[in-house]
Amino acid sequence: MSPFLFWFFAFLMLVFGAAVVLNRNPIASALSLVICFMGLSALFMMLDAFFIGIIQVLVYAGAVMVLFLFIIMLLDLRVEKLRKINYVAVIGGTAVALAFFLQIYFVVRQLNAAQQPFPALTAKTDDVHNIGALLFTNFNLPFQIIGVLVLVATIGVIVLSKRELR
Amino acid sequence: MITLGHYLIVSGMLFTIGFAGVLLRRNIIIIFMSLELMLNAANLSLVAFSRFRVTATGLPSYNAQVFVFFIITVAAAEVAVGLAIIVALYRARQTTHVEDINTLKF
């Protein structure tokens, strides 16, 4: 994996991730989220997780973001009007987030394994085959539970979006 | 040389951005997007650990990638239900601003 590509995509992902939070216009936030997930998917592919990278683009950039944009359109959200900013909450929130990040940073600095480079792969990656085999052997029960969960979510969404409940 | 630590730090930064978004923004849709950022930051560190642990076959340990697959499925279901709740809320209250929804506030 090339260091230049890593830094490029990590930078892209973090800049557009910050743009999601900082933009006042919800549509701009949603489109920044798409670019952020594209950078994340490139990072997945650099880690030889090609299946996860493709799934990330298909599910997030394809399905989830269209859903977000659809809801923004349906609710007809405009650029937020400036409200009175609660400075105590803003400073407190930033401090908590920064403290959290510093904690992660110092834990990772102390971790011995984090200083070592990734070991080389000796076999050709065949990740779709391997993940599929694991899904139907070791992780068969969770896989079926996920199926039930998706069914429940579908029914739940239909019930929630009905105009009046009887 | 890119080490495991680099990926973990980047993942921590992405999580922190999402966390700050949940704490600082008042628009419920932006809060929801920040939740997605946090879920994806967790996915990034899981995939990095999976690549770091090469098994005897010379391939990464795929258990973590199956876990990421489950997380993506659950996140997609969560987005569908959450957005349906937001639409129902908007129909009832005509707002997406969390400070206008304070019935349960102590």
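Biologist: Why does B:Q94 count as exposed?

Modeller: B:Q94 has 9 C-beta neighbours inside 10 Å, so it counts as exposed. The cut-offs: buried means 20 or more other C-beta atoms within 10 Å, exposed means 12 or fewer, and partly exposed lies in between, with C-beta atoms placed from the backbone. This is a predicted model, where local features need pLDDT of at least 70, side-chain atom pairs count only at pLDDT 80 or more, and totals for chains, interfaces and linings use all residues. Residues are numbered from 1 along each chain as its sequence is written, while chains are lettered from A and ligands numbered from 1 in the order in which they are written.

Biologist: Where is B:Q94?

Modeller: In the segment after α3 (63–93) of chain B. Helices are DSSP runs of H or I, at least four residues, and strands are runs of E, at least two, numbered from the N terminus. B:Q94 is not a glycine, yet its phi is positive, about 55 degrees. Most residues other than glycine have a negative phi.

Biologist: What makes A:D48 partly exposed?

Modeller: A:D48 has 19 C-beta neighbours inside 10 Å, so it counts as partly exposed. A:D48 sits in the loop between α2 (26–46) and α3 (50–75) of chain A. Its phi is also positive, about 60 degrees, and it is not a glycine.

Biologist: Which elements does chain B have?

Modeller: Chain B has 3 helices and 0 strands. How do we know that chain B is more spread out than a compact globule? Its radius of gyration is 18 Å, well over the 13 Å that the globule rule gives for 106 residues, so chain B is more spread out. The radius is taken over C-alpha atoms, and the rule is 2.2 Å times the number of residues to the power 0.38.
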